[in-house]
Amino acid sequence: MQIKSSNEQTYDQSRSMAGAGAGGISMESDGADQFLTFIIAGEEYGVDILCVQEIRGWEQATPIPNAPKHIKGVINLRGTIVPIIELRQCFGMESIEYTPITVVIVLKVNTDKGERIMGIVVDAVSDVYALAEKDMRPAPDIGASMNTDFIKGLTNVDEKMVILLNIDKLLTIDDMPDLSNLSKQIEQSEKLAEG
Amino acid sequence: MAIDLSQFHQVFYEESFENVDIMESSLMDLDPEDVDSEDINTIFRAAHSIKGGAATFGFVKITEFTHVLETLLDQFRAGDRVLRTSDINMFLQSVDCMREMLGSLQEGNDSDTENSQAVLAQFNLILEGGEATAVDVAGAEPEGAGTQAAAKAEDGDVEIRDAADAQDKVDIAQESETPEVIFDPKIWQIEFKPNKDILASGNDPLRIINELATLGEMECETIRKRFPKLKKLNPEKIYLSWKIRLKSEVHQNEIEEIFEWVIDDADIKISLVGGTDIEETETAPNLHPTEVVVDADECALWSIYFEPKLEVLRTGNDPYKLFVALEQFGKIHSIEAQIDLPDFSSMDPELCYMSWALLFDAKAGDEGKINDVFEWVIDEAKIEIKSVGGLFSDDSADDQVSAETSVDVVEPTVTSNVVSISGAAETQTPPAEAVVTASENKEEASVDATPAAEAEASQEKAPEAEAAAAAPKRSKAPKSKSGTAESSSIRVGIDKVDNLINMVGELVITQSMLGQLGTDFDMDRVPKLIEGLVQLEQNTRELQESVMRIRMLPISFVFSRFPRMVRDLSQALSKEIDLQILGDQTELDKTVLEKIGDPLVHLVRNAVDHGIETIADRMAMGKPAHGIVRLNAFHQGGNVVIEVSDDGKGLDAEMLKQKAVEKGVITEEAAAMLSQDQAYDLIFAPGFSTAQVVSDVSGRGVGMDVVKRNIQALNGVIEIKSEVGRGSTITIRLPLTLAILDGQLVRVADHTYIFPIVSIVESLQCKAELINSIAGGCNLFRLREEYVPIIRLAQAFDIPFEDKDLDGSLMVVVESEGEKVGIVVDELLAQQQVVIKSLEHNYRRVKGVSGATILGDGTVALIVDIPGIVRLAGDNYARMQNAAQGLMAQPQNHTQH
């Protein structure tokens, strides 16, 4: 499938995004890390901006035989073969039709076998926030059934919860946990903890 | 100016390893019965190159080692010694040793291994012991040691100490080289004229002279002719030279050895003045002895007259360049050019009508250099070089006086050492055991038996110690080898590079043509464009092939190690084995070549060790005593095929099965189902292959799983054919290169996949009447006399597909690990070369896919891994195979289903 050129805009690294995201909490980075956030099914997730290599429009990927469902396939990224992972399916959500505004975030993932380049498909890119350690709170324990290693922390922006992901962990675990209703679960468990 | 020599170290290592290889192969060619002097020369040259290189970089141990080796070789070359098999063995050992030293140097360790010391000691003993009888012991012992290495390893410590002892003794023995009793005293006259700045290089003439004094009675005369005037006297320079008369029985080599380190920094003349034969050698070629006894560093004015012949330019010489060369070490004061032009009409612009008279300001000792500059034109010109005296030649007389006084100051330091010193031998007391052996040694008729016997005594110890020292080392060697060695450079024949340059030239032409076409294009020129594109395609392909060829090296790089290995092994196992090597010029990608070595070693060793029977067994079988191991390499299709075959006892499928069951590799039922070929494949099963268990079957299978894994990692395939009593053949098929693949594009549903063309046998349309359905949902296709299982690619890759009838569908028959399989696809697309991209790098290994590539439109296509897809297609594959064989076995059951 050919994508219309207007949507093929590829932002170089995070800088342009940082500019676009001027409406975020604060742009000063005094000891704070910047996070790029994106939307999946109305939930906002964040990844460390230093892991982000580029953001590009969705293009048809070549499927890999017998691969797990969330692996959409591989694309040619300037001569490198890059696997594309659909986070919706990762999190056990319904897959939606890809439109020209569907976005692929290309990430550099550190694994024990060295750095890998992977792309994740998200609904939309949202914003860039600078968050200090103190702004984050640890992921609550959502029960023994789920390993929450891949959650770096939680933060609230404008009363809305943002789940910060540790992509090194998330994209290297073998069997993806069922993360449907992740945010609900988290909210529930947090309420439980408070109450 | 200091140059960082370490940047050249890598080159040195590579060259040295190459030279070591040359030495080894020449040694293998040496036949004691019929010594070819050219072989010895080759060995000598190689050793010499290593020595030279090592000396340049200051690897003293290697220099010393090769020097001794060289000395010994020289004696063989000169015919002073008779070459025996044992000597060859010993040289081979030294080759190993050298390799080890170089390896350890390369890793930044000290090159001085115990092994090297022991071998060195052995050499020294032989050199002075002189008798080949002693060498026999030395030569024979290490052979056994190789096999008993493990057994001896534990005593290693003790015996290494012995080696050290032996070394000590040698040292002593070396010092006492001069026998006390001198028969016909040779008198050596040595002229030693060091360069002035020899002290700066850390050499001390005094030490050298002292060392000479240990050789025998010595008289030394100091020549002071070179003293400059006092005000120019530099206390850090040496202005003295010496004339030494040495009364000693030593060989010239030993004297030369003393001067070894200063040979480049001094003028040394060694001549025999006493004794019967008079030989004269000049060891320092770099400085022509000149009559002029002037301070070589003093400034001098040279007058040079240079009148080239008219045609000098035609010889490619350029007078201007000569002057530039002169300027590099001096200053040209004035050039007077004389121009002798002919009439304008007869003037030829290619002729030189000029001559020059130069006043050249350089150092007094630079005549040689000046001569060197004009060396190339010496035949094409009239050259006169004259010294017209130093710039300060009009110095006052009192300078001379002071100069003479200064002589007196300097002299004593040297003259005090000019004493007659007789050999230092008296300092050494011969050990008691030496005396014992000496009595057995009477036939040597040596006048002074002590050094010889002493040599003999330690000689007997040395090889043993050497072997023991070698034993633990040897086991260590493979470990230390890995590491830095992997990343290396490549030597490419100039023809390949030239070819490449030609290609690039053509490519540039095509490019400019297309570029021009692009600037003013109209539709009329479309044919031209197409033509250009075709040309571009051709250029690209040729260029690609040439680039690939750069990485190709002949397989002889790997094969060359086998003659030695087989020789050693067969001696150790007392078998007679003839190694035949065919097709060693077959070229193979360098990466493949590097990785194929170890598996091949394994296979050859297996063939020698377990394949070939003992001589007695062979005779009993009515086979010739000589076993044959054959290595054959050739190209077949896009593959390189390497065969390792032997005419030994072969593999017994039944016994293999039995052992496999015992070993728990397979169950008894499974074993019963196995075909013969599958039984052979058992030896590749991991866990099948611990030595003791297998050795009573046939011995095969030691680490064969590793061999197979290595070959598969190279996208290669390994097969065994064997016949009991007749021998086995192991065939390895490897792709020529790992980077590019000839691919057949196929379409399955919406997806494009690539089949490696090498594995495609044929493509055809299925016919319903040729398809047999087998229980379990598998289909077999009758391809002439064979039944091939049918795999649907879409099914294997779990792609949604419409389950239409196989009749009329397109099937690609591929060969995988010796078995044929039909793979059903929807459409055959183009054939093209594809660049293999790793899928694993960013993702992981995918079953049935060997990699990915990028097609012309920028999309990614996956390359099908044929063996992988076969495995993927179902665990019931083996069952299908058996069914197919069952059908073949009973042809009457062929009734078409």
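Reader: How many of the 26 residues of helix 16 of chain B are buried?
Author: The count is 0, so to speak a helix that is hardly covered. Bear in mind that this is a predicted model.
Reader: And how far does helix 16 of chain B reach from its first C-alpha to its last?
Author: Helix 16 of chain B, residues 494–519, reaches 38 Å, close to the 38 Å expected at 1.5 Å a residue.
Reader: Other topic. At what angle do helix 19 and helix 20 of chain B pack?
Author: Helix 19 (residues 562–572) and helix 20 (residues 590–611) of chain B pack at about 30°, with their axes 10 Å apart. Because angles under 35 degrees count as roughly parallel, helix 19 of chain B is roughly parallel to helix 20 of chain B.
Reader: Left-handed or right-handed crossing?
Author: Helix 19 of chain B passes helix 20 of chain B in a right-handed crossing.
Reader: Which residues make the contact?
Author: From helix 19 of chain B, Phe562(B), Met565(B), Val566(B), Leu569(B) and Ser570(B). Helix 20 of chain B brings Val601(B), Val604(B), Arg605(B), Val608(B) and Asp609(B).
Reader: How do the residues of that contact divide?
Author: Into 7 nonpolar, 1 polar and 2 charged.
Reader: Now the chains. How many residues of chain A are in contact with chain B?
Author: 16 residues of chain A are in contact with 19 residues of chain B.
Reader: Which element of chain A gives the most to that side?
Author: Strand 6 of chain A, with 4 residues. Strand 5 (71–77) and strand 8 (114–122) of chain A also give two or more residues each. The side of chain A that touches chain B divides into 10 nonpolar, 5 polar and 1 charged.

Key: Residues are numbered from 1 along each chain as its sequence is written. Chains are lettered from A and ligands numbered from 1 in the order in which they are written. This is a predicted model: local features need pLDDT of at least 70, side-chain atom pairs count only at pLDDT 80 or more; totals for chains, interfaces and linings use all residues. Axes are lines fitted to C-alpha atoms, for helices over the stretch in contact, and angles run from 0 to 180 degrees between N-to-C directions. Angles under 35 degrees count as roughly parallel, over 145 as roughly antiparallel, 65 to 115 as roughly perpendicular and the rest as oblique. A crossing is left-handed if the near helix is turned anticlockwise from the far one by less than a right angle, and right-handed if clockwise. Two residues are in contact if their C-beta atoms, placed from the backbone, lie within 7 Å. Ala, Val, Leu, Ile, Met, Phe, Trp, Tyr, Cys and Pro count as nonpolar, Asp, Glu, Lys and Arg as charged, and the others, Gly among them, as polar. The expected span of a helix is 1.5 Å times one less than its number of residues. A residue is buried if 20 or more other C-beta atoms lie within 10 Å of its own, exposed if 12 or fewer, and partly exposed in between; C-beta atoms are placed from the backbone.
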